[in-house]
Amino acid sequence: MHCLKLSLHTPLSLFNESRTVRMKIQFLLLWSFLGISLAVPIDRAPPQKETEPPAEPADTGLYYDRYLREVIDVLETDNHFREKLQAANAEDIKSGKLSKELDFVSHHVRTKLDELKRQEVSRLRMLIKAKMDATMEENVQIDHLALLKQFEHLDPQNQHTFEARDLELLIQSATKDLENYDAARHEEFKRYEMMKEHERREYLKSLDEDKRRMEEAHYEEMKKKHKEHPKINVPGSKDQLKEVWEETDGLDPSDFNPKTFFKLHDTNGDGVLDEQELEALFTKELEKVYDPKNEEDDMMEMEEERLRMREHVMNNVDTNHDRLVTLEEFLKSTERKEYNEAGGWETVDETQIYTEEELRRFEQELAAQEAALNQRAEELRKEHEVLQQRQIELDAQKKEYQQAVIQMEQKKSQQLDVPAAGPGGELKFQAQVPDGAHELVKQAESHQGSDVHPGPPGEAHPAPPGEAAHEEKKDSAPSQEHQVQQV
């Protein structure tokens with residue numbers, strides 16, 4: 001259980017008072033269902049000079065656990081509210097009468113509570129939006145009632161300030177949700193056991209006759225071995241408490257005293273036995289049946305056993321159902337007939353957790369879920385095939401487009417390389433003449449104009465001396481010009 005986060009210099013009396021106040025809040029709001037603390041032996045360690053910081057409590061499992069804790073931490077800082085809470089009884093808290101005292105707390109406390117509520121509203125809005133976005137698909141029905149239940153622990157009409165109604169709703173929601181917590185754990189364990197049996201039977205079906213016979217013989221042997229344990233005392237009975245007194249506390253069983261026993265195992269000294277302190281009393285009984293090293297012992301069954309033992313004690317000892325055992329309640333329980341009963345305790349394996357009809361319905365539910373998953377898998381497989389075919393078609397189209405682009409580039413290149421045609425259809429070379437070729441052409445033309453002398457028609461003129469060489473040069477000029485044009 002919590003204690004106030006006070007300064008190390010806070011007087012011890014105020015410190016103990018704060019612990020008592022916090023216990024009254026926690027008996028409704030922060031019951032610790034998880035975690036086990038060992039019983040403290042008689043030889044206690046010497047008290048430390050400085051108070052150790054309190055350990056973080058176990059998570060309540062509520063989806064608004066953080067908001068709940070923060071509200072409690074803030075309320076504990078107000079002296080007026082702490083005094084009223086100390087004087088209040090369980091009925092005042094459950095009925096919401098204590099919530100009205102919120103109007104008298106200090107301004108800075110109300111300001112902190114307002115901020116906490118705004119943060120919680122914002123968080124819930126984000127969660128609901130994310131859930132709705134995740135279900136925005138075809139043929140998906142949104143459970144609006146389930147979404148609205150997210151706001152049951154606060155007043156949604158007023159989203160900015162923390163009022164008495166908010167504290168009342170927070171207490172009511174936490175009380176209801178935590179009361180249903182054990183029932184949910186029992187249901188979860190039942191499904192676990194049915195799944196274990198279902199898988200065992202399915203495994204046997206997969207074996208041949210000889211292996212199946214061997215497996216069934218091994219199963220019966222493990223069951224028999226698991227049942228070979230010492231007698232389990234009824235939780236909360238005189239025999240069970242005296243066994244803890246003798247073997248855990250190391251005291252003489254003839255000196256057993258219920259009041260002393262209570263104070264020994266009120267490990268945090270708050271005047272009550274909470275659920276963790278009660279469950280610590282059952283450790284010895286559980287060790288008789290369950291050992292994590294043994295194949296035949298299931299640790300999930302051990303935790304279910306612990307829960308059943310604690311519920312048994314609470315149902316018989318906790319008369320006001322506040323999930324805390326006071327010294328007065330504890331002493332009264334020792335006067336009842338059940339306290340002195342010598343009978344044994346039926347363990348989980350000796351109790352019928354489920355019927356064959358429940359197992360049959362469970363297997364039908366599994367089969368329906370498997371069929372739905374297979375159908376969905378088949379739909380996904382078909383969608384995958386369609387996507388693959390579509391990818392093949394897209395790849396083929398892409399290849400066609402690439403080929404078309406290549407062909408267009410080739411045609412464009414050919415059009416640039418073909419020379420233009422002349423008036424008579426002859427090819428007309430338009431290639432560029434290299435630098436210097438124009439000078440060769442001009443020299444050839446000048447030689448033609450200066451060396452040719454026209455005579456009468458039909459008369460041949462003999463070439464003058466040296467003329468032959470000139471004529472040879474002249475004959476070669478047209479070929480040079482032609483070469484220049486080709487260039």
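Visitor: How many helices and strands does the protein chain have?
Guide: The model is a predicted one. The counts are 18 helices and four strands.

Visitor: What share of the residues in the protein chain is buried?
Guide: A residue counts as buried when its relative accessible area is under 20%. The protein chain has 487 residues, and the buried share of them is 32%.

Visitor: Which elements give two or more residues to the largest nonpolar core?
Guide: This core has 28 residues, and Y67, L68, V71, L75, L113 and F162 have the most contacts inside it. The elements that each give two or more residues to it are α2 (65-75), α3 (79-87), α5 (107-134) and α7 (164-179).

Visitor: With which residues is L113 in contact, leaving aside its neighbours within four places in sequence?
Guide: Contact requires heavy atoms within 4.5 Å. Once those sequence neighbours are set aside, the partners of L113 are V71, V74, L75, L102 and F162.

Visitor: Which element gives the most to the lining of the second largest pocket?
Guide: This pocket has a volume of about 870 Å³. Of its 26 lining residues, E193, K196, Y219, K223 and E301 are the closest to its centre. Both α8 (181-205) and α9 (209-227) supply at least two lining residues. With seven residues, the element that gives the most is α9.

Visitor: How many charged residues does the lining of the second largest pocket have?
Guide: Asp, Glu, Lys and Arg count as charged. Beside six nonpolar and five polar residues, the lining has charged residues numbering 15.

Key. Residues are numbered from 1 along each chain as its sequence is written. This is a predicted model: local features need pLDDT of at least 70, side-chain atom pairs count only at pLDDT 80 or more; totals for chains, interfaces and linings use all residues. Side-chain values use heavy atoms; hydrogens and water are left out. Buried means under 20% relative accessible area, exposed over 50%, partly exposed in between (1.4 Å probe, protein chains only). A nonpolar core is a set of buried Ala, Val, Leu, Ile, Met, Phe, Trp, Tyr and Cys residues joined through side-chain atoms within 4.5 Å. On a 1 Å grid over the protein atoms alone, a cavity is a set of points where a 1.4 Å probe fits but cannot get out, and a pocket is an open set with protein on both sides within 12 Å along at least five of seven lines; lining residues have an atom within 4 Å of a point. Grid points are joined across faces, edges and corners, and a volume is the space filled by probe spheres set on the points.
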